[in-house]
Amino acid sequence: AAPVVTVMVPRDSRIDAAKPASTGGGGALALPPDDKSEIEVRTGSNNRGVRTLRSSVKDRLARIQSRRFARQQQQEAEMDDLRRRFNQLPASEVAAIQKVFDRFDQDGSGKLDCIEVSKALRDLGLRGSNVAEKQEILRVCQRPGSYQIGSGQDEDRDDPFDVLEVSIDIFSFALQVIPQVRGFLALMTSNDMARYFCQYDYHGYGRLGAEQCMEIGLALNLDLNLLRSVLDERPKLGKKDKGVDLEEFRVIVGKCKEQAERVVRQREHEIKEHTGINHKTFLEFRQDIVALYELFSSLDSHGSGNLKAKEIRRVVDEFGLTPKTPKEKAEVQRILRESDVDKDGYFNFHEFLFLVKRIRAYNTNISRDRDYASFLRYDRDGNGKLSVREICNLLDDLGAVPHNRQEQEELAALIQSVDEDGSGFIDFSEFQVLLQRIEERLRSSRFEEEVEYGMRAG
């Protein structure tokens with residue numbers, strides 16, 4: 001039997017690379033270096049070993065090429081299926097998702113990282129109401145194809161929120177991330193929804209009529225026009241509508257909240273585009289931008305985009321920015337005069353925001369010592385931070401305890417907005433901002449009461 005010679009053949013080498021060696025004898029093969037796989041070739045006359053090698057490598061390359069082609073076809077089929085499913089969504093939903101996705105796809109890569117996806121979800125009306133919910137939404141963004149609610153953090157990840165490793169295209173965003181976040185948020189409110197459902201299911205049929213849904217919507221402070229619209233969009237079963245079961249009721253409430261939040265987010269961006277304020281200013285005032293703009297516009301009777309100094313003073317008072325003492329009020333008037341940048345006696349919206357920023361900075365500075373004393377008083381455990389319980393004690397003493405669900409949601413949003421690091425605790429700098437916003441709202445409420453009393457008194 002002829003001796004066996006083992007030669008190394010690269011996996012992706014061309015057939016022409018296997019040629020007889022020029023240094024004679026025994027049919028040895030001259031093969032390129034960097035070999036990866038072993039093939040046994042029997043040497044013999046008439047180069048039969050070379051022909052066998054060429055045939056086997058050719059077959060192998062053909063199989064590799066076939067597998068690559070099959071994978072490519074599978075990927076194209078999957079992409080076509082995703083595109084088809086995406087286009088089957090309601091046209092208004094497709095347009096909204098595409099607009100928000102493009103807004104945060106700044107580099108035009110067609111991909112978003114976790115932070116960008118989280119911001120896009122917020123603009124679509126999908127956001128967590130506390131730290132735990134926000135973290136869970138980040139987990140959805142990290143593994144949209146395999147996420148399971150309550151599955152916890154990945155054990156093999158050193159950093160479970162490493163946003164740099166994740167990139168999500170628009171199809172994964174629309175068909176995986178959004179439905180999963182919706183499902184998670186619905187689950188978080190399932191107990192409340194079940195309680196309301198049972199409370200209004202008077203006859204125990206397991207279904208609610210449209211009017212009962214409207215009553216719950218009123219209790220939940222939902223937009224009743226929007227709720228009616230969502231109810232009317234429901235497909236009716238047969239000639240008679242049999243009502244809404246618990247699962248459908250959850251979906252309807254979730255959709256109303258999402259749409260209402262989406263309207264607010266869209267309004268914020270419209271104000272930004274209309275007024276031309278820069279992105280930094282927009283982010284700084286985003287929590288108040290709609291209220292400030294509507295208050296500003298309510299006194300702009302001519303639609304000029306400018307207010308006189310007298311009108312600006314009214315806005316400052318109405319928004320609760322004016323301090324208490326005559327000395328502090330005089331200082332605010334000085335700030336107002338200085339904030340008229342072009343000295344024309346008028347304020348555009350950008351100048352108005354600059355004025356608000358200066359007044360807030362002044363109010364923070366003059367109350368720093370008093371605020372720090374309050375902070376220490378409520379920081380019972382002395383860890384330099386306030387917990388939710390400690391914040392509730394503060395609100396109780398200030399007389400700012402929410403009296404209905406709307407006020408509860410507004411207060412929760414306010415606390416979230418000042419909790420910049422998302423820790424669920426408030427440090428002193430955040431405490432100052434929170435205290436100032438609460439005092440602004442209390443002064444604004446008192447101003448409205450005084451105006452209303454004056455109108456009644458004639």
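This note sets out points on the fold, the surface and the aromatic rings of a predicted model.

1. Overall make-up. The chain contains 18 helices and 6 strands. Of its 458 residues, 36% are buried.

2. Contacts along the chain. Among contacts with a separation of 6 or more, 64% are between residues 24 or more positions apart.

3. Surface. The chain has an accessible surface of about 27,300 Å². Carbon and sulfur atoms contribute 50% of that surface.

4. Aromatic pairs. The structure has 12 aromatic pairs. One of them joins Phe-349 and Phe-352, with ring centres 6.1 Å apart and planes at 40°. That angle falls between the cut-offs of 30 degrees for stacked and 60 for edge-to-face, so the pair of Phe-349 and Phe-352 counts as tilted.

5. Where this pair lies. Phe-349 and Phe-352 are both in helix 14, which covers residues 349-366. They are 3 residues apart, or about one turn of the helix.

6. The cut-off for buried is a relative accessible area under 20%. Phe-349 has a relative accessible area of 4%, so this residue is buried. Phe-352 has a value of 0% and is therefore buried too.

7. Phe-349 and Phe-352 belong to a cluster linked by ring pairs, together with Tyr-293 and Phe-296.

8. A charge over a ring. Which residue has its charged end over the ring of Tyr-196? It is Arg-195, whose charged end sits 5.6 Å from the centre of that ring.

Note on methods: Residues numbered from 1 in each chain as written. Predicted model: local features only at pLDDT ≥ 70, side-chain atom pairs only at ≥ 80, totals over all residues. Heavy atoms only, no water. Helix = DSSP H or I, 4+ residues; strand = E, 2+ residues; numbered from the N terminus. Buried < 20%, exposed > 50% of the residue type's maximum accessible area, 1.4 Å probe, protein only. Contact = heavy atoms within 4.5 Å. Areas by Shrake-Rupley, 256 points an atom, 1.4 Å probe, with all protein chains shown as cover. Phe/Tyr/Trp six-rings, centres within 6.5 Å; stacked < 30°, edge-to-face > 60°. Lys NZ or Arg CZ within 6 Å of the ring centre and 35° of its normal.
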